[in-house]
Amino acid sequence: MDTMEAAFFDLDKTIIAASSTLKIGRPLYRAGLLTRRTLMKAGLAQISYRMFGADHEQMERAREEMMAVVKGWSRDQLRDIARETVDEVVAPLVFAEALFIIDDHLRQGRLVVIVSSSPEEIVEPIAAHLRVDKVIATKAAVDDTGHYTGEMEFYAYAEGKATAMRELAEREGISLEDSFAYSDSKTDLPMLEAVGHPHVVNPDRELAKAAKERDWPILSFERPVTIRTRLAEIPRPTPVVSGAALAGAVGSFALYWLLKVRRT
C-alpha cells in the first residue's frame, strides 16, 4: 500500500505571531459575548503570551477559563464571527517564513495539517485562508441545540496532539517517519517526536535545549505579513545563513532567503 507524507504545523507563534484565540477577543466583545473585564484580561494574557509563551500550568488554566466563558454560547455564532473577522484579526500576523514552507510542502504533494490547541471554530477559517488541507484542533462539547456545555470533547494539547496525528496517519495512510512537524513550545515535544523530520520555530528555552540535544533544526521566523500577500508579493530580503539539514529536508531554494536555521 502506498503511503503519503504530511507536514504538521502548530498555529500560535509558529504560523502566526500571536494567540489566535486571544486575538478574536475584540470581535467577541463587539458581538456582546465578552465583558469589558474579560476583554482586558485577554489583552494582558496576549502581552504575556507574546513575551514569554505559555507553560503547562498556564495552558491548563486557560482551558478551564475558556470552557467557563463559552458555556451557553452558540457554536454557529462563534464560527460565523471567526469566519467574518479572520482577515481583520489574524491575517496580518502570519509569518512570511511559514507561508514559504507551507507552500513548498503543498507543491511537493504533502498533506499539510494545522495542529492547534485553539478551538476548531477559530482554527478552521484560518486554515482555509492558508489553503491548508486539514485541521486538528480543540473541540468543545455542545448540547442538542448547538450550544456549548462547558465540557471539553477533545483537547489538542501535548500528547493529545500526537495521538490525533497518529490516528490521522492511520486513516489517511500517512508515513509519520517521512513526515515533518513544526512548533515553538516544549509542550509540543510529543508532536515533534511523532514524525521523522521535526523542526522547532522560535522555541522557548526548554524546547531550544531539547532541540540542541537531539540535533533538530531551529528556525527563526521574524517577518509577519498578511495572508493576502502570499508568496508572489513578499519581497526577498538579503540572504541569511541557512542549514544544510533544512535545505535537504525541505528542498526549496526560496527558503535560503527567508529562514535562519541556527544550532546553539
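Are Tyr155 and Tyr157 buried or exposed? Tyr155 is buried, and Tyr157 is too, where buried stands for under 20% relative accessible area, exposed for over 50% and partly exposed for in between, with a 1.4 Å probe and protein chains only.

## About the model

This is a predicted model, in which local features need pLDDT of at least 70, side-chain atom pairs count only at pLDDT 80 or more, and totals for chains, interfaces and linings use all residues. Residues are numbered from 1 along each chain as its sequence is written, and side-chain values use heavy atoms, leaving out hydrogens and water.

## Nonpolar cores

A nonpolar core here is a set of buried Ala, Val, Leu, Ile, Met, Phe, Trp, Tyr and Cys residues joined through side-chain atoms within 4.5 Å. The largest one has 32 residues, and Phe9, Ile15, Ile114 and Leu130 have the most contacts inside it. Among the elements that each supply at least two residues of this core are strand S1 (6-9), helix H5 (75-89) and strand S6 (180-183); helices (H or I, at least four residues) and strands (E, at least two) are DSSP runs, numbered from the N terminus. Another core, of 26 residues, lies apart from it and includes Ala164 and Leu192.

## Aromatic pairs

Searching the whole structure gives three aromatic pairs. Rings of Phe, Tyr and Trp (its six-membered ring) pair if their centres lie within 6.5 Å; planes under 30 degrees apart count as stacked, over 60 as edge-to-face and the rest as tilted.

Phe9 and Tyr182 are stacked, because their ring centres are 4.5 Å apart and their planes at 10 degrees. Since Phe9 lies in strand S1 and Tyr182 in strand S6, the pair ties together parts 173 residues apart in sequence. Phe9 is buried at a relative accessible area of 1%, and Tyr182 is buried at 0%. Tyr155 and Tyr157 also form a stacked pair, with 5.2 Å centre to centre and 25 degrees between the planes.
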